[in-house]
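Work through the exercises below with the sequence and the 3D view open. Try each task before reading its solution.

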Amino acid sequence: MSTSSLLLALLGDARLPSGGHTQSAGLEPALRAGTTPAEVPAYLRARLRTVTRVEAGTAVVARAVAAEGGDLDAVEAAWAARTPSPALRANGRRLGRGYLRVLQTLWPGPTDDRARHWARPVVLGLLAHRADLCPVDLARLVGYDDAQTVTAALLKLEPGDPLQATAWVRDLLPDIDRMARQLAPLRTPDEIPSGGAPLIERWAQTHDTTTERLFSA
Amino acid sequence: MPETTKTPARAMRLGVAGPVGTGKSSLIALLCRALSDRLRMAVITNDIYTDEDARFLKSAGVLDPERIRPVETGACPHTAIRDDVTANLLAVEDMEADFDPLDLVVIESGGDNLTATFSPALVDAQLFVLDVAGGGDVVRKGGPGIARADLLIVNKTDLGPYVSVDVERMVREGSAAREGRPVIGLSRTDAASIDELVAWVLGMLDTHRSGDHTPIDPGPMAPHTHADGTTHSHTPGRASAAAGPGA
């Protein structure tokens, strides 16, 4: 029996000790730049169509490449080329190290020395291969985690009803599922989507030099 | 350069926890001032909203600013030292890689409540800091940090007369709550107390290097009383009374 859906729950749980509580998925600098809490649903959809699609596509391709014993460095390079902000690349690689700890402890196995420098979606792809998380669930995980990261951060940054934030994530579930089904068949680095969100990238750069902040990124 | 007789496997990681305003940053500044010519040190801070502590330590001029780094915790100081130590552990690993070899890495928790203690997955030893200005009764409130941290600090003893706290009694009650584990009444104006702290850290470092030290988890919960009158602990083997319903 496949445990993929339970793995999705395990990995999508905020209690997973991978360092997720340090993240706002760009929301903290977005609010500082004038985005209002009421605009958060639109912010979630914008991410899902751009940066989150890149992340999810990268993870799916990394899983496929890992399954064939291919070179994950090539996947990492494709992700980096689609992530123009140095701050976001650095943050993604820090998150990758967090997931690498999860991987090496929960699903140990021989791991490339270069894995310490791989971004989160690349490590997640390797993890999904080793843990037997199916491609569509892997893409769902990336989409769901991004939305929950934004809304959980919103509760720390602005007053609001936690159930309202949860409703926004629920409303987004069909979109996340659609994205996951579209991305699940991807196999090679050149197939990774390349949509960008210049404002999100720019805000990330500003945030990187801000000292009064709750979240790393 | 400091000399070490044995090469440790890695630096000793020392956690400093305790409520806001009790003097954690000042204590770390004292340690840096007293030890940075003898030990190769680095400091990680966990501020809730700013890098205030890192800036304080840098401005104190007691350590190369490069060796002091803040870690953002997403407003979850308790999570960052206990439930999910990832961000802090990565910061410690980076420090150890960038300044190899190090003898001591001090991790300052963002000020939190009395239940916030470090996971043994992050630190080798930890001290818990209270201050007399917070009230003499705080030691009696208990909690895992007060009862079972490797060292309890009762800080700002020089303020006792100004806040009507009997410092000797506070230290005595702290010792009683800890079943003999060490307590130091500390003041930056009391050189003997600083010497005592420094000696404790050096002693712990020797134990760490000899490989004899096993990190102790103070535990998430202190023994506590329920409405039905039963008292119990969540730490195995520490039950203080017959467990009743709900224990």
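Helices (H or I, at least four residues) and strands (E, at least two) are DSSP runs, numbered from the N terminus. The model is predicted: local features need pLDDT of at least 70, side-chain atom pairs count only at pLDDT 80 or more, and totals for chains, interfaces and linings use all residues. Residues are numbered from 1 along each chain as its sequence is written, chains are lettered from A and ligands numbered from 1 in the order in which they are written, and side-chain values use heavy atoms, with hydrogens and water left out.

**Exercise 1. Check the span of helix H7 (residues 120-131) of chain A and describe its surroundings.**

Solution. 
- Step 1: The expected span of a helix is 1.5 Å times one less than its number of residues.
- Step 2: H7(A) has 12 residues, so it should span 16 Å; its end C-alpha atoms are 16 Å apart, which agrees.
- Step 3: Buried means under 20% relative accessible area, exposed over 50%, partly exposed in between (1.4 Å probe, protein chains only).
- Step 4: In H7(A), 10 of the 12 residues are buried, so the rest of the structure largely encloses this helix. Among them are Val122(A), Leu124(A) and Ala131(A).
- Step 5: The cover over these buried residues includes helices H1 (4-12), H4 (51-67), H5 (72-81), H6 and H8 (135-157) of chain A.
- Step 6: Asp132(A) follows H7(A), and its phi is positive, near 70°.

**Exercise 2. What do the buried residues of H6(A) pack against?**

Solution. 
- Step 1: Find buried residues. They include Asn91(A), Leu95(A), Tyr99(A) and Leu103(A).
- Step 2: Find their partners. In chain A they pack against H5, H7, H8 and helix H10 (198-208), and in chain B against H4. Contact means heavy atoms within 4.5 Å.

**Exercise 3. Which element gives the most residues to the lining of the second largest pocket?**

Solution. 
- Step 1: Know the term. On a 1 Å grid over the protein atoms alone, a pocket is an open set of points where a 1.4 Å probe fits, with protein on both sides within 12 Å along at least five of seven lines; lining residues have an atom within 4 Å of a point.
- Step 2: Take the volume, about 730 Å³. A volume is the space filled by probe spheres set on the points, which are joined across faces, edges and corners.
- Step 3: Look at the lining. It has 33 residues, and Arg94(A), Arg213(A), Ser216(A), Pro70(B) and Glu72(B) lie nearest the centre.
- Step 4: List the elements giving two or more residues: helix H6 (86-106) of chain A, with strand S3 (68-70) and helix H4 (86-98) of chain B.
- Step 5: H6(A) gives the most, with 7 residues.

**Exercise 4. Where do Ala25(A) and Glu179(B) lie, and is each buried or exposed?**

Solution. 
- Step 1: Ala25(A) is in the loop between H1 and helix H2 (27-32) of chain A. Its phi is positive, about 50°, although it is not a glycine.
- Step 2: Ala25(A) has a relative accessible area of 10%, so it is buried.
- Step 3: Glu179(B) is in the loop between helix H7 (167-177) and strand S7 (183-185) of chain B. Its phi is also positive, about 50°, and it is not a glycine.
- Step 4: Glu179(B) has 64% relative accessibility, so it counts as exposed.
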